[in-house]
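Please look over the chain shown here before reading the notes on its pocket, its confidence and one of its helices.

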Amino acid sequence: LGLVEVLADLGLFRSLLRARSAAFKGDPTALTAARTEIRKHFDESKHLSPSEASGKIKEGVEAESFIRLHVVQAVGNERGNYEMTVQTHHTDLEGSNTIEVPSGGAGAAGSCAGEKK
């Protein structure tokens with residue numbers, strides 16, 4: 001890989017780690033699994049040509065955006081349901097809501113249907 005690809009790679013790796021840290025804050029198991037998965041994809045891509053690396057970098061940017069904007073962690077509660085805290089950036093993506101926020105508004109804790117396993 002050339003210098004530009006290496007720098008893009010490094011920036012993307014850090015960006016993915018930051019997105020994973022925000023999405024899985026307080027969950028060491030998920031944080032470790034996500035870091036392992038991110039590292040695996042980068043290790044598998046070391047041998048790629050610059051044009052192939054460019055495509056992988058694009059996929060990584062899309063993955064970072066998806067994690068940052070669409071992943072919301074739910075936590076089991078004492079009633080056997082799951083609760084999650086929905087942030088404003090999860091609810092208004094280009095004018096179309098992706099998650100319906102309970103009456104408490106964005107940032108409020110809401111619960112979703114489903115039994116805790």
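On a 1 Å grid over the protein atoms alone, a pocket is an open set of points where a 1.4 Å probe fits, with protein on both sides within 12 Å along at least five of seven lines, and its lining residues have an atom within 4 Å of a point. This is a predicted model, in which local features need pLDDT of at least 70, side-chain atom pairs count only at pLDDT 80 or more, and totals for chains, interfaces and linings use all residues. Residues are numbered from 1 along each chain as its sequence is written, and side-chain values use heavy atoms, with hydrogens and water left out.

**The largest pocket**
- The largest pocket is lined by 17 residues, and those nearest its centre are Leu 16, His 41, Phe 42, Lys 56 and Gly 60.
- Two or more lining residues come from each of α1 (3-23), α2 (28-44) and α3 (50-70), where helices are DSSP runs (H or I, at least four residues) numbered from the N terminus.
- The largest share of this lining, seven residues, is given by α3.

**Helix α3**
- The 21 residues of α3 should span 30 Å at 1.5 Å a residue, which agrees with its end C-alpha atoms being 30 Å apart; the expected span is 1.5 Å times one less than the number of residues.
- Buried residues (under 20% relative accessible area, 1.4 Å probe, protein chains only) of α3 are Ala 53, Ile 57, Gly 60, Glu 64, Ile 67 and Leu 69.

**Confidence**
- The chain averages a pLDDT (the predictor's confidence in each residue, from 0 to 100) of 77, and 69% of the residues score at least 70.
- Where pLDDT is low, the predicted coordinates should not be read in detail.

Terms used. Buried < 20%, exposed > 50% of the residue type's maximum accessible area, 1.4 Å probe, protein only.
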